[in-house]
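Let's take a friendly walk through this chain, with the model open beside the text. Please keep your viewer handy as you read.

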Amino acid sequence: MSISQGDPVLHHVMFDVDGTLVESFKFDEECYIDAVSEALGHKLDSDWSKYPHISDAGILDHHLAQRGQLHTREDAHTKVKAAFIANIKGHLSSSSAKQVNGAAEFITHLRKQPNVSLSIATGGWGKLRD
């Protein structure tokens with residue numbers, strides 16, 4: 001959606017991907033936990049309430065800090081991110097992600113509204129291009 005130069009944006013609506021637009025929480029969680037295990041050989045505690053920053057990077061940082069391994073942060077992030085992306089691609093190649101009922105219609109409706117801007121956020125890692 002484009003807004004004309006003279007039209008001020010009166011409303012900005014931001015959507016989270018997981019659980020709001022796409023039913024991906026379960027497979028996303030499994031792919032992430034598996035990525036940490038594959039890349040680092042660590043079992044990750046999946047009680048997300050224990051983590052102060054609920055994002056892929058924040059969870060991994062907290063996990064590394066708890067293990068006294070923050071000195072390996074850059075290498076750990078690189079390895080876990082690569083494994084996570086591979087796991088997500090693998091999952092999506094055999095099973096498509098389902099949209100949350102009504103999400104596409106609601107986005108379409110909002111895009112037609114004047115003075116509304118939209119964005120999509122996620123706490124997950126992503127890779128735009130190979």
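## A residue in a loop

Where does Asn115 lie? Asn115 sits in the loop between α4 and β4, and β4 covers residues 116-121. Its backbone deserves a look: Asn115 has a positive phi of about 65 degrees, although it is not a glycine. Please bear in mind that the model is predicted.

A positive phi also turns up just after α2, where Gly68 takes a value of about 70 degrees.

## The overall layout

The chain holds four helices and four strands. Read from the N terminus on, these elements follow the order β-β-α-α-α-β-α-β.

Of the 130 residues in the chain, 27% are buried. Contacts that reach along the sequence can be sorted by separation: among those between residues at least 6 apart, 70% join residues at least 24 apart.

## Nonpolar cores

The largest nonpolar core has 16 residues, and Tyr32 and Leu44 touch the most other members. Helices α1, α2 and α3 each supply at least two residues of this core. There is also a second, separate core of five residues, which includes Phe15, Leu21, Val100 and Leu110.

Asp56, Gly58, Ile59, Leu60, His63 and Leu64 are buried in α2. The buried residues of this helix pack against α1 and against α3, which spans 73-94.

## Aromatic pairs

A pair of aromatic rings is described by the distance of the centres and the angle of the planes. The structure holds three aromatic pairs. In one of them, the ring centres of Phe15 and Phe106 are 6.0 Å apart with the planes at 90 degrees, so this pair is edge-to-face. Because Phe15 belongs to strand β1 (residues 11-16) and Phe106 to helix α4 (residues 103-111), the pair ties together parts that are 91 residues apart in sequence.

Rolling a probe the size of a water molecule over the atoms shows where empty space is left. In this model, the second largest pocket contains about 260 Å³ of space. It is lined by 14 residues, and those closest to its centre are Asp18, Phe25, Asp28, Ile54 and Asp56.

Which elements each supply at least two residues of this lining? They are α1 (25-40) and α2 (56-66). The largest share comes from α1, with four residues. Sorted by class, the lining of the second largest pocket has five nonpolar, four polar and five charged residues.

Definitions and conventions. Residues are numbered from 1 along each chain as its sequence is written. This is a predicted model: local features need pLDDT of at least 70, side-chain atom pairs count only at pLDDT 80 or more; totals for chains, interfaces and linings use all residues. Side-chain values use heavy atoms; hydrogens and water are left out. On a 1 Å grid over the protein atoms alone, a cavity is a set of points where a 1.4 Å probe fits but cannot get out, and a pocket is an open set with protein on both sides within 12 Å along at least five of seven lines; lining residues have an atom within 4 Å of a point. Grid points are joined across faces, edges and corners, and a volume is the space filled by probe spheres set on the points. Ala, Val, Leu, Ile, Met, Phe, Trp, Tyr, Cys and Pro count as nonpolar, Asp, Glu, Lys and Arg as charged, and the others, Gly among them, as polar. Buried means under 20% relative accessible area, exposed over 50%, partly exposed in between (1.4 Å probe, protein chains only). Contact means heavy atoms within 4.5 Å. Rings of Phe, Tyr and Trp (its six-membered ring) pair if their centres lie within 6.5 Å; planes under 30 degrees apart count as stacked, over 60 as edge-to-face and the rest as tilted. A nonpolar core is a set of buried Ala, Val, Leu, Ile, Met, Phe, Trp, Tyr and Cys residues joined through side-chain atoms within 4.5 Å.
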